[in-house]
Amino acid sequence: MPLGLGRRKKAPPLVENEEAEPGRGGLGVGEPGPLGGGGAGGPQVGLPPPPPALRPRLVFHTQLAHGSPTGRIEGFTNVKELYSKIAEAFRLPVAEVMFCTLNTHKVDMDKLLGGQIGLEDFIFAHVKGQRKEVEVFKSEEALGLTITDNGAGYAFIKRIKEGSVIDHIQLISVGDMIEAINGQSLLGCRHYEVARLLKELPRGRTFTLKLTEPRKAFDMISVRAGGGRPGSGPQLGTGRGTLRLRSRGPATVEDLPSAFEEKAIEKVDDLLESYMGIRDTELAATMVELGKDKRNPDELAEALDERLGDFAFPDEFVFDVWGAIGDAKVGRY
């Protein structure tokens, strides 16, 4: 079948619409406790998780990014459960947790926690800080924003393009959560939905953004980052493997990505930013996983429609993703 003909969008609900499986009790700040963790060999969708004795025994250390004692968390299988464990450890409402970074307390989008955590990574949780409302005049079609989300219903700014409309508004910063546009709540929306709404705003009009910035430590005050260079993200995991969080089924411990996978994920993430105004390494990793064994672009298109149909990727984007995976396979970086 030629690419794009007869393609049907029938993806399962995305992670924000799924009910997370109940997790085990979280540990208080600095408290020791029994070890537990996600599954080591994930079952098929719909089957019960493996018994605790067969799961990897993993405990991660965490702090609040603006400063706190060190907490210990365990027993989570997806991002929602991770945020819940962090909230329990620090006795916070889970809605206060915006996003997490790995091995740095700074708002560094190149170290944003996505779908993988290195087995020796230290987790810093960024919580809600000052709320603000900003009026923006859309003088150009492109605002210069790259949007991402935390996998649990919050979309926020990952990058601000230098010299863009938003770059000239000092009150708006990387890491700001976008709560509403013109009074329309965006809580629970995916990054691509927020990016589409911003793109559809009429040029030559003023619109209002309701934002929440992450609470800052003293050494972060008055620092306004424009975001890292595309493709400059770190290699996750300082240990021998990573814990991969999944929206369906238990978390799994996996080897570090191969050189091919790392480069392919980077190239696909760049394409997501170019076509859709979003960056999402976990989405890019899923697309590479779906495409690396496909024989042609049509098979890739069918796989994307089956697994990620809600995104409605255009045919030209799918062709470019196929090309990026192929280039990475043969070492054309």
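Two strands count as paired if DSSP finds at least two bridges between them. Helices (H or I, at least four residues) and strands (E, at least two) are DSSP runs, numbered from the N terminus. The model is predicted: local features need pLDDT of at least 70, side-chain atom pairs count only at pLDDT 80 or more, and totals for chains, interfaces and linings use all residues. Residues are numbered from 1 along each chain as its sequence is written, and side-chain values use heavy atoms, with hydrogens and water left out.

**View 1. Strand β1 and its partners β2 and β5.** Three bridges pair β1 (residues 60-64) with β2 (residues 71-73) in the antiparallel sense. Across this pairing, F60 lies opposite I73 of β2. Six residues separate the two strands of this hairpin, and G67 in the turn has a positive phi of about 125°. β1 also runs parallel to β5 (residues 123-137), joined to that strand by three bridges; here L64 has A125 as its bridge partner. Buried means under 20% relative accessible area, exposed over 50%, and partly exposed in between (1.4 Å probe, protein chains only).

**View 2. The second largest pocket, with a volume of about 650 Å³.** A pocket is an open set of points on a 1 Å grid over the protein atoms alone, where a 1.4 Å probe fits, with protein on both sides within 12 Å along at least five of seven lines; lining residues have an atom within 4 Å of a point. Grid points are joined across faces, edges and corners, and the volume is the space filled by probe spheres set on them. Of the 26 lining residues, L145, A195, K199, M276 and G277 lie nearest the centre. β6 (145-149), α2 (191-200) and α3 (259-276) each supply at least two lining residues, and α2 gives the largest share, five. The lining comprises 13 nonpolar, six polar and seven charged residues (nonpolar: Ala, Val, Leu, Ile, Met, Phe, Trp, Tyr, Cys and Pro; charged: Asp, Glu, Lys and Arg; polar: the others, Gly among them).

**View 3. The buried residues of helix α6.** These are F317, V318, V321, A324, I325 and A328. Seen down the axis of α6, they fall within an arc of 120° (taken from the directions from the helix axis to the C-beta atoms), so they line one face of the helix.

**View 4. A264 in helix α3.** A264 counts as buried because its relative accessibility is 0%. The C-alpha atoms of A264 and G331 are 9.9 Å apart in space, and the two residues are 67 residues apart in sequence.
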